[in-house]
Amino acid sequence: MRPRVASGASFFLKTGMEEWFVIVNPVSGHGRGAREWPRIEKLLVKAGFDYTFNFSSSKYEAIDLADSAVRMGFRKIMVVGGDGTMHEVLNGLYRQQEVPMSDITVGVIPVGTGNDWVRHFGIPHDYQAAIDVILEGRIFHQDIIRARYQTPKGVGERVVANIAGIGLDASVIEAVDAAEKRGRKGRWTYLWCLIKTVLTHKSQPYEVEIDGRRIEYPAMFSAAVGNNRFNGGGLEQLPAALADDGLAEVMILGHLRLKAVPRALKSLLGGRINDIPEVENYRGRQVMFTSPQPRPVELDGELVGTTRAEFEVLPAALRVIVPSTF
């Protein structure tokens with residue numbers, strides 16, 4: 001049977017029962033999404049999936065696609081992309097008001113560059129193996145984090161699937177964005193920008209409030225809030241993070257002198273962030289960062305606004321498919 005186009009939208013419909021809505025990001029993994037989709041589609045057909053699919057043709061379109069899919073009646077969403085696509089799909093599901101997010105099932109076939117979200121859950125990068133995980137259908141109810149921050153238009157709001165960052169984290173994302181605009185793309189871009197930025201980034205004063213407890217930092221180098229362990233393409237920034245304990249893991253890196261940077265960077269790259277003496281760890285349901293001057297805030301690797309930034313855990317809000325070994 002030939003695919004047909006749904007009225008009023010660029011959806012490519014497979015005949016039969018439309019159980020899954022597949023959102024494909026063609027630019028994930030520096031174009032891997034587009035290149036690999038024909039191969040992935042053949043595997044989906046062979047596995048017997050009934051589905052509708054659509055490409056996200058521009059930034060943020062996956063938000064609209066996920067929102068629209070639920071309003072069209074889909075309750076199973078498959079993401080073919082990376083961390084950025086997952087972030088957008090999650091926010092589309094959060095934005096829609098048709099049904100509770102916990103009624104929607106999300107499966108992921110990773111084709112991104114960093115793939116930190118799937119790394120936390122042990123979802124395989126092999127396409128057939130990832131499809132097998134979805135077929136097995138083991139459900140995990142993941143906590144997500146609602147973030148509020150400042151924008152030129154007022155208070156912005158999004159939800160976080162992985163990790164939010166302030167300080168060095170956000171400065172690195174600024175450097176990555178600038179590098180990509182200059183045409184510098186690839187798996188090592190983040191690492192290069194991290195090394196370059198960590199040598200020039202300056203500590204700033206912040207006040208941090210965790211479940212009502214206020215902590216003053218006259219000089220804070222960086223901070224991360226999340227419920228997954230990895231960011232930046234495999235850097236284990238929150239090694240103790242749990243995705244279903246109802247709490248956000250909070251890492252704060254205090255003032256870091258220039259001479260301490262090589263040691264700290266070695267520990268971070270070696271998966272031993274807690275060996276850095278200036279690191280402090282907390283857990284909480286509500287976390288807030290304020291600063292005398294607005295400082296950038298990143299969510300799941302995307303700059304969204306500035307401080308003041310507030311984070312609140314939404315327990316068991318996301319229904320995802322994970323391997324049986326997780």
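How many of the 13 residues of H3 are buried? Let's open the tour there, keeping in mind that this is a predicted model.

**Stop 1: helix H3.** Select residues 83-95. The answer is 10 of the 13, so H3 is mostly covered, with buried meaning under 20% relative accessible area. Among the buried ones you'll find Asp-83, Met-86, His-87, Val-89 and Leu-93.

Stop 2: Arg-95 sits in helix H3 and Asp-64 in helix H2 (residues 61-71), so the pair ties together parts that are 31 residues apart in sequence. Arg-95 is partly exposed, at 41% relative accessibility, and Asp-64 is partly exposed too, at 38%.

**Stop 3: another bridge.** Next, pick Glu-19 and Lys-76, whose side chains form a salt bridge of 3.5 Å, N to O. Glu-19 is in the loop between strands E2 (12-13) and E3 (20-24), while Lys-76 is in strand E5 (residues 76-81), so this pair ties together parts 57 residues apart in sequence.

**Stop 4: aromatic rings.** The count of aromatic pairs comes to 11. One of them is Trp-117 with Phe-121, a tilted pair at 4.7 Å centre to centre and 55 degrees between the planes. Both residues lie in helix H4 (residues 116-121), 4 residues apart, or about one turn of the helix. For a ring cluster, select Trp-37, Tyr-51, Phe-53 and Phe-55, which are linked by ring pairs.

Stop 5: Is Met-220 buried or exposed? Select it in strand E11 (residues 213-226): at 1% relative accessibility, Met-220 counts as buried. Its contacts beyond its sequence neighbours include Ile-166, Tyr-206, Ile-252 and Phe-289.

Finish with Leu-258, in the loop between strand E14 (248-254) and helix H8 (261-269). Leu-258 counts as exposed, at 57% relative accessibility. Together with Ile-195 and Leu-199, Leu-258 makes a nonpolar surface patch of about 270 Å².

Definitions and conventions
Residues numbered from 1 in each chain as written. Predicted model: local features only at pLDDT ≥ 70, side-chain atom pairs only at ≥ 80, totals over all residues. Heavy atoms only, no water. Helix = DSSP H or I, 4+ residues; strand = E, 2+ residues; numbered from the N terminus. Expected span 1.5 Å × (residues − 1). Buried < 20%, exposed > 50% of the residue type's maximum accessible area, 1.4 Å probe, protein only. Patch = residues over 30% accessible without salt bridge, like charges linked within 9 Å, V, L, I, M, F, W, Y side chains within 5 Å. Areas by Shrake-Rupley, 256 points an atom, 1.4 Å probe, with all protein chains shown as cover. Salt bridge = Lys/Arg side-chain N within 4 Å of Asp/Glu carboxyl O. Contact = heavy atoms within 4.5 Å. Phe/Tyr/Trp six-rings, centres within 6.5 Å; stacked < 30°, edge-to-face > 60°. Lists of a residue's contacts leave out its neighbours within four places in sequence.
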